[in-house]
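Subject: Structure for you to look at

Hello,

Here is the structure I promised to pass on. Please open it first, then read the notes below.

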Amino acid sequence: MSFKDDVEHMLKQQGIKELMWINCKEQFPSVIKKDLIPTIMNSINSYERYKQTDLSIYNVMVIGIPNVGKSSLINTIRRVLIQKGKATPVGARAGITRSVLEKIKVSADPKIYVYDTPGVLAPEVKNVDVGMKLALCACLQDHLVGEDVIVDFLLYWFNKHNNFRYVSVFELKEPLDDVLEFLNHVALKNNKIARVTSLDPSQGRTVYKPDFTAAAALVLKKFRAGELGPVMLDSNKMKHLHKA
């Protein structure tokens with residue numbers, strides 16, 4: 001499953017002039033030296049640098065919505081060009097980068113420094129559907145939306161698109177459309193049990209119940225790690241693109 005050409009076409013229709021694909025999980029992506037650095041240099045040199053025309057140091061700021069891989073990109077560029085380790089913390093959730101960090105050297109020749117930023121661009125949430133897709137991609141913090149709510153949308157999306165890989169991954173007998181039944185199954189299968197204090201004297205002081213939040217977190221972790229297969233959440237937009 002590949003929507004690469006469709007995504008490129010759609011973004012260029014929206015006015016994006018420079019577009020490239022970089023896999024930050026690769027040890028030394030060739031696109032860094034071949035395309036990214038020349039593009040940065042051309043973009044900077046195409047504008048008047050005002051009072052800095054006599055300088056040979058280039059400063060670049062990486063911006064974007066939360067958790068799209070800004071820090072991972074900086075670390076990858078740094079690893080490829082100057083063989084240095086991580087200079088900025090990364091994590092698979094929104095909000096790891098809290099403030100604009102000191103400038104980070106990513107290239108010696110030409111001298112390029114990069115500023116990492118927190119998610120300074122707020123995601124554009126036009127409707128609930130867009131908001132839930134952003135939440136699935138961890139562009140919004142899980143606890144603000146609710147892990148169980150996000151999983152409910154994921155289950156709905158899978159069923160709507162006849163994608164039932166989750167059935168085998170979570171050892172279900174058949175597809176489910178009840179998120180509580182689904183999370184109950186996942187919790188029991190994976191020993192996600194919560195110990196809670198009972199208000200009912202007949203049950204004793206402590207009771208054990210399936211931990212739906214922990215189960216939902218496990219489902220989201222597997223989805224984001226790709227264990228539920230490749231997914232294009234905007235596949236409907238791709239279909240409309242072909243019809244246009």
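Helix α6 passes helix α9 in a left-handed crossing, left-handed being the case where the near helix is turned anticlockwise from the far one by less than a right angle. This is a predicted model, where local features need pLDDT of at least 70, side-chain atom pairs count only at pLDDT 80 or more, and totals for chains, interfaces and linings use all residues. Residues are numbered from 1 along each chain as its sequence is written, and side-chain values use heavy atoms, with hydrogens and water left out.

Helices here are DSSP runs (H or I, at least four residues), numbered from the N terminus. α6 covers residues 147-160 and α9 covers residues 212-224; they pack at an angle of about 50°, with their axes 9 Å apart. Axes are lines fitted to C-alpha atoms over the stretch in contact, and angles run from 0 to 180 degrees between N-to-C directions. That angle makes α6 oblique to α9 (oblique is what remains after under 35 degrees, roughly parallel, over 145, roughly antiparallel, and 65 to 115, roughly perpendicular).

In the contact (heavy atoms within 4.5 Å), residues of α6 including Val151, Leu154 and Phe158 meet residues of α9, among them Val219 and Phe223.

A search of the whole structure finds one cavity of 30 Å³ or more. A cavity is a set of points on a 1 Å grid over the protein atoms alone where a 1.4 Å probe fits but cannot get out; lining residues have an atom within 4 Å of a point. Val151, Leu154, Phe158 and Val219 are among the residues lining the largest cavity, and α6 gives the most to that lining, with four residues.

Regards

Conventions:
1 Å grid on protein atoms, 1.4 Å probe; cavity = no way out; pocket = protein on both sides within 12 Å on 5 of 7 lines; lining within 4 Å. Points joined across faces, edges and corners; volume = space filled by probe spheres on them. Helix = DSSP H or I, 4+ residues; strand = E, 2+ residues; numbered from the N terminus.
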